[in-house]
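We will go stop by stop.

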Amino acid sequence: MFEAAGVDWFWRPVGVGRHAFGVAAKRAEPHDSVTSFCGVEVEAWKVQRLPPESEWIDQDTCMDCWVRISARWS
């Protein structure tokens, strides 16, 4: 879905904020470690599941991830 639309990243709240991950994280084994654009490491299952709305609201967007993604278009 993401690659077909030309997007190679996605956001997920992972307990320490909303972070951006490369789409390869969706294909990792559930207990493998995946790394966000800013360097936060979590188990893949945390980004592969669709989190409830309450997690999106409760966590702030990681500005380091935001800056790194934004820089790709400047």
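Select Phe10, Val14, Phe21, Val23, Ala25, Val34, Val42, Ala44 and Val47. These nine residues form the largest nonpolar core of this predicted model.

Now center on Phe21. Which residues does Phe21 touch, leaving aside those up to four places away in sequence? The list includes Asp8, Trp9, Phe10, Arg12 and Val14. It also includes Val34, Thr35, Ser36, Phe37, Val40, Val42 and Val47.

Another core lies apart from the largest one. It has six residues, among them Trp9, Ala20, Cys62 and Cys65.

Stay with the cysteines. How many disulfides does a search of the whole structure find? The search finds zero. Select Cys62 and Cys38. The sulfur of Cys62 has its closest cysteine sulfur in Cys38, at 3.6 Å. That is too far for a bond, because a disulfide needs the sulfur atoms within 2.5 Å. Cys65 is in no disulfide either, and its nearest cysteine sulfur, that of Cys38, is 3.8 Å away.

Buried or exposed: which is Cys62? Cys62 is buried, at 12% relative accessible area. Cys65 is buried too, with 0% relative accessibility.

Move on to the strands. Select β1, residues 9–13, and β2, residues 18–22. The two run antiparallel, joined by five bridges. Look across from Trp9: Gly22 in β2 stands opposite. Strand β2 is mostly covered, with four of its five residues buried.

Finish at the turn. β1 and β2 make a hairpin, with four residues between them. Pick Gly15 in that turn: its phi is positive, about 95 degrees.

Methods. Residues numbered from 1 in each chain as written. Predicted model: local features only at pLDDT ≥ 70, side-chain atom pairs only at ≥ 80, totals over all residues. Heavy atoms only, no water. Core = buried A, V, L, I, M, F, W, Y, C linked by side-chain atoms within 4.5 Å. Buried < 20%, exposed > 50% of the residue type's maximum accessible area, 1.4 Å probe, protein only. Contact = heavy atoms within 4.5 Å. Pairing = 2+ DSSP bridges.
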